[in-house]
Amino acid sequence: MRENFHTKRLLHRSYFKLIVLAIASQSAPALDVPILGTFYIVPNIGTMKKTLHSPDYQKLTEWLKHQRKAKGMSMRDLGEKLDISHSFVAKIEQRERRLDVIEYTAYCKALGVSPLDGLMQIGNDH
């Protein structure tokens, strides 16, 4: 048991993930399913780069802010339309919080603009 623990720590330090598959049982060998306790080493490929401070996200939030101001809305007004606090709107515009796609479309709807127009702002420079 100690050897397995040491092996797990060593693999973790080597940037590999250790997956224990516990779905199969020894009574079903015909299913070609691994036996309980079998270890498979899967390389850790990494994660996507965070977009919170990317130039594209900056363009998008600046566009949203410009649209809000062009409609004559304060952060408080927009927050009320979205049923969120004005500080939440501020965090979005200051890029302290990232919008997901559903929040983005709701944000655009509250502003009365098309989400596609904002995405086109990003695509224009590429």
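**Ground rules.** I number residues from 1 along each chain as its sequence is written, and since the model is predicted I take local features only at pLDDT of at least 70 and side-chain atom pairs only at pLDDT 80 or more, while totals for chains, interfaces and linings use all residues. Side-chain values use heavy atoms, with hydrogens and water left out.

**Entry 1: Gln67.** I looked up Gln67 and found it in helix 2, residues 55–70. Helices here are DSSP runs (H or I, at least four residues), numbered from the N terminus. Is Gln67 buried or exposed? Its relative accessibility is 15%, so Gln67 counts as buried. The cut-offs are under 20% relative accessible area for buried and over 50% for exposed, with partly exposed in between (1.4 Å probe, protein chains only). I then listed what Gln67 contacts, leaving aside neighbours within four places in sequence: Leu111 and Val113. Contact means heavy atoms within 4.5 Å.

**Entry 2: helix 2 and helix 5.** I checked how helix 2 lies against helix 5, residues 101–111. Their axes come within 10 Å and cross at roughly 25°. Axes are lines fitted to C-alpha atoms, for helices over the stretch in contact, and angles run from 0 to 180 degrees between N-to-C directions. Helix 2 and helix 5 are therefore roughly parallel to each other. By the cut-offs, angles under 35 degrees are roughly parallel, over 145 roughly antiparallel, 65 to 115 roughly perpendicular, and the rest oblique. On the helix 2 side I noted Leu60, Trp63, Leu64, Gln67 and Arg68, which meet Tyr104, Tyr107, Cys108 and Leu111 of helix 5. I sorted this contact by class and got seven nonpolar residues, one polar and one charged. Ala, Val, Leu, Ile, Met, Phe, Trp, Tyr, Cys and Pro count as nonpolar, Asp, Glu, Lys and Arg as charged, and the others, Gly among them, as polar.

**Entry 3: helix 2 and helix 6.** For helix 6, residues 115–123, the axis comes within 9 Å of that of helix 2, and the two cross at roughly 140°. Helix 2 and helix 6 are therefore oblique to each other. From helix 2, Asp56, Lys59, Leu60 and Trp63 meet Asp117, Gly118, Leu119, Gln121 and Ile122 of helix 6. By class I have four nonpolar, two polar and three charged residues in this contact.

**Entry 4: the buried side of helix 5.** Which residues of helix 5 are buried? I list Tyr104, Tyr107, Cys108, Ala110 and Leu111. Down the axis of helix 5 these fall within an arc of 160°, so they line one face of the helix. The arc is taken from the directions from the helix axis to the C-beta atoms. The face turned away from the buried side of helix 5 carries the exposed residues Ile102 and Lys109. The cover over the buried residues of helix 5 includes helix 2, helix 3 (75–82), helix 4 (86–93) and helix 6.

**Entry 5: Tyr107.** I picked Tyr107 in helix 5, which is buried with a relative accessible area of 1%. Not counting residues up to four places away in sequence, Tyr107 touches Leu64, Leu78, Leu82, Val89, Ile92, Glu93 and Leu99. Its C-alpha atom is separated by 9.0 Å from that of Lys81, 26 residues apart along the chain.

**Entry 6: helix 4.** I found Val89, Ala90, Ile92 and Glu93 buried in helix 4. The buried residues of helix 4 pack against helix 2, helix 3 and helix 5. After helix 4 comes Arg95, with a positive phi near 60°.
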